[in-house]
Amino acid sequence: MLFNSNAFLFVFLPIVVIIYWLVVRRSIPVAVGFLALASYGFLVYGEPTYPWLLAASILFNYICGLGIRRTQDPYARGLLMLGVVGDLLVLAVFKYANFFVGQVAMLFRSPIHPSIVLPLGISFYTFTQIAYLVDTYQTRNSESHLVRYFLFISYFPHLIAGPIIHHKEMMPQFLRPRLRIPQLSIYAGLCLFAIGLAKKVLIADPCGEVATSIFSPAAHGIRVALFDAWMAALTYTVQIYFDFSGYSDMALGISLMLGIRLPINFNSPYKSRNIIEFWRRWHISLSRFLRDYVYIALGGNRKGRARRYVNLLLTMVIGGIWHGAGWTFLMWGTLHGLALLLVQLWRDQVKNCLMVVPASVGRAATFLFVLFAWVPFRSPDFATMGNIWGGMVGAHGFSVPDVAAVHGILAKLHLPIEPAFFTVHQIPILLIGLVVAWSAPNSQQIMRKFRVGLDSPGYRASPPARSGAFAAGVNWKTAFLAGTLLAFAARCIGSYSEFIYFHF
Amino acid sequence: MGAKLRRAIKAYLVVLMAVFFVIYLAPVPDLKVATALAPVMSPRALNALVVAGNSVVTDLSACDQDRRKLPSLLSEGLHKKVIDFSFPGQTVGQGLDYTTFALRRFHAGAAVFFLSPTLSSRSIPDLQTQMFFRFAASPEYEENSLQQRFKPDAPLLGPLTSHAEPFTYKNVRYPDYDGIKDIYYSAEKAAMGCPETLGKNRQFIEAFYWYTYVSQPVQNGNIAGLGKLQEISNSIHKRVLFVLMPVDYDDVQSMNYALAQTIRTRVRSTSEALKKENLNLLDLTEILPADGFSDRWCACGHLSESGRRTLSERVVQALQTSTESENHTRTEEN
């Protein structure tokens, strides 16, 4: 079930919120059980292929967690290894087997084409459970109640595309229902949900249409000219940000309606002044996971400067592969790893020479790098990536949108210019997306009075919004604007439009 | 938190929900429809030509070097502003909504309505858009009737566009449209290079031709609706040209001669039924050879760049001829 579907918005969500608030005041265990059941129903509705996989994975990790808590090393360590390896094995089979078998088959020219369907949310719930096992091993404190553990993993607002959460962040909140006021939670949650839905259907989806209309012929070998290539890269850059941050806002908003705060996942990443800052603002819960459970596990900065750089690069490569089984994801991760490495080197070596990059130059350079790096992320293969990159540097000539008057002038000048894949009507939504991403306050700044999400230690917290005009509050203006935004966004829910991160 | 504040929050929550429902249910088109209709409301649209149709109008093959779409070619041929209402999957009903609105309420001077030869489509826009078109343009065709919403498979509020259902052809069971896209289209697309071939799974392509052109009943309600649009346009002295789009008979014939003949017979009967409604009809179903088509895997009549050029020349010719004859008639009347 998608957050941006009428079935979710008008049936599932209201029923779950109403029943939860009716039940939670009488019995917390019943409310927890109800939410766990609803969450599983939410998954089964959208995952008809492997509905058992989540249940099996939860049971396996729950048993491992109990074992780790009740035993001492070396048994506890062994159980931790068993749990982590088991999780990674499941991920390898369901997410990476197609790719690896396909590559081997291609090498030996074998006709085998495995087609294992990717289970919904597998990357997210696997990482959440790995984090849980490691935390349990370090603190010897695990969830003893199976239903509560089931809810922790399957909780529907975060199940399919995150944020990746820690047990200690979420579960204690379920045990403090008296502190909550349902009206305020629902009001704030609806406001945030409206912002997220609007980001998705009003900005991400229209930009996605443009990006697809250019990446698709590029994948067929049609050479993409200058403006087309830039349009493809820019629209995808806008699409992926508004799609994923829109999803995260909706997830936080839905959870807030149930009185539970989830960790903040985005903090205006396109305003970053360098790539290190970008990763402290983009998909924060994944960055945090990679830092805590990959980078630090590899040795972090404890084993010398050279090893630190290698660890940094390796962490980002793993982050790239986590997104998908493909060479282009590996390329994307490697590019980000190299960029992080370069910035770190710059900080270590050059900063002493008092060379300070102006903030605006840093922002522009970071945005340009991220933009170029999204091209392999979106491309199905290296040929497509090369095609778009080639177009961006002008190697494939020029194209202009299909405007008869412009083409008439160009024809008279005998200029070899082709019509572009996009139309002029598609440019304004891109510009709106860019302006919002660069200069508007973000969701948690707008909603800062409600403290809609949890901050992650070590990651940049949202500064106060620059202008009070955008600030939401408990007042008529906010109620009216949120209702209007929600209505406009809900009216645009027409066709089936998945979130990009559902595929990871 | 005090009881007073709790009451205030409750009031704001009620306001939020009330605003949501009032705006959500208001009889206004959704943003996509509103954006599509906006150009025709501009004074610059005076005497513009509006174009309605499905993906056959909008589609460009991945192999096309000339990426001008039909509306652009028409604009160049007629030296006239063209407002393009077409979009993939547009049904006859949606085309009627847009065209009637543009001709009846605004400045558009003429319309070209590109029709799939089967007219087999069913769609109900969401309730708000449906009410908008009823108030603003009253296109009278069967699918627009509010009674459709009370049928068992129709949604009370949301839109309904029926896609290909599962079907069986020559003892092979094929899935619904989503399944076809996932299983067959994606395999064909992956195997398709440039220049295009006739496709990989010819058995499926033949089956889908049969499904598209033969298995579905012709929607008589749509024929009456098109007749009504012709009546409306005659009454306000605006021209509508209905164009029956080409069928890739060469391709079908190469796979199954009998199937091609069956399609021919059905298309002819549709054409005759449309003529009986006194439509200004241009039947182009047989004008294109095989290289005029692209995307054979979808068996849906998508056009290649040469196909688009030929088609646009014929439409431009038809529009110019009818303009000349109208001018001639007016001169004689004077």
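Predicted model: local features only at pLDDT ≥ 70, side-chain atom pairs only at ≥ 80, totals over all residues.
In strand E3 of chain B, B:Ala110 is the bridge partner of B:Leu49. Residues are numbered from 1 along each chain as its sequence is written, chains are lettered from A and ligands numbered from 1 in the order in which they are written, and side-chain values use heavy atoms, with hydrogens and water left out.

**The strands of chain B**

Strands here (E, at least two residues) and helices (H or I, at least four) are DSSP runs, numbered from the N terminus. Two strands pair if DSSP finds at least two bridges between them. Here is how some of the chain B strands go together.

| Strands | Sense | Bridges | A facing pair |
|---|---|---|---|
| E1(B) and E2(B), residues 82-84 | parallel | 3 bridges | B:Val50 and B:Ile83 |
| E1(B) and E3(B), residues 110-115 | parallel | 4 bridges | B:Ala52 and B:Phe113 |

"Buried" means under 20% relative accessible area, "exposed" over 50%, and "partly exposed" in between, using a 1.4 Å probe and protein chains only.

Take E1(B), residues 49-52: B:Leu49 and B:Val51 sit on one side, B:Val50 and B:Ala52 on the other, and all are buried. E3(B) is mostly covered too, with 6 of its 6 residues buried. From that strand, B:Ala110, B:Val112 and B:Phe114 point one way, while B:Ala111, B:Phe113 and B:Leu115 point the other way.

E8(B) is largely enclosed by the rest of the structure, because 6 of its 6 residues are buried. One of its faces carries B:Arg239, B:Leu241 and B:Val243, and the other carries B:Val240, B:Phe242 and B:Leu244.

**A pocket in chain A**

Everything is worked out on a 1 Å grid over the protein atoms alone: a cavity is a set of points where a 1.4 Å probe fits but cannot get out, a pocket is an open set with protein on both sides within 12 Å along at least five of seven lines, and lining residues have an atom within 4 Å of a point. Grid points are joined across faces, edges and corners, and a volume is the space filled by probe spheres set on the points.

The second largest pocket holds about 970 Å³ of space. It is lined by 35 residues, and the closest to its centre are A:Ile130, A:Val134, A:Phe289, A:Asp292 and A:Tyr293. Elements of chain A that give two or more residues to this lining include helix H4 (75-107), helix H12 (284-295) and helix H13 (305-323). H5(A) gives the most, with 9 residues.

The lining divides into 21 nonpolar, 7 polar and 7 charged residues. In that count, Ala, Val, Leu, Ile, Met, Phe, Trp, Tyr, Cys and Pro are nonpolar, Asp, Glu, Lys and Arg are charged, and the others, Gly among them, are polar.

Where does the second largest pocket lie in relation to domain 1 and domain 2 of chain A? Domain 1 (6-181) and domain 2 (186-273 + 357-503) both give residues to the lining, so the pocket lies between them. The domain bounds come from an automatic or database domain assignment.

**Cavities**

There are 4 cavities of 30 Å³ or more in the structure. The largest cavity has about 50 Å³ of space. Its lining residues are A:Ser248, A:Asp249, A:Leu252, A:Ile264, A:Asn265, A:Phe266 and A:Gln444. Helix H10 (residues 226-257) of chain A gives the largest share of that lining, 3 residues. By type, the lining has 3 nonpolar, 3 polar and 1 charged.

Helix H9 (residues 182-219) of chain A has a kink of about 35 degrees at A:Ala204, shortly before the proline A:Pro206. The bend at a residue is the angle between axes fitted to the seven residues ending there and the seven starting there. H9(A) is largely enclosed by the rest of the structure, because 31 of its 38 residues are buried. After H9(A) comes A:Gly221, with a positive phi near 95 degrees.

A:Asn387, in helix H16 (residues 382-392) of chain A, is buried, with a relative accessible area of 8%. A:Trp52, in helix H3 (residues 51-70) of chain A, is partly exposed at 48% relative accessibility.
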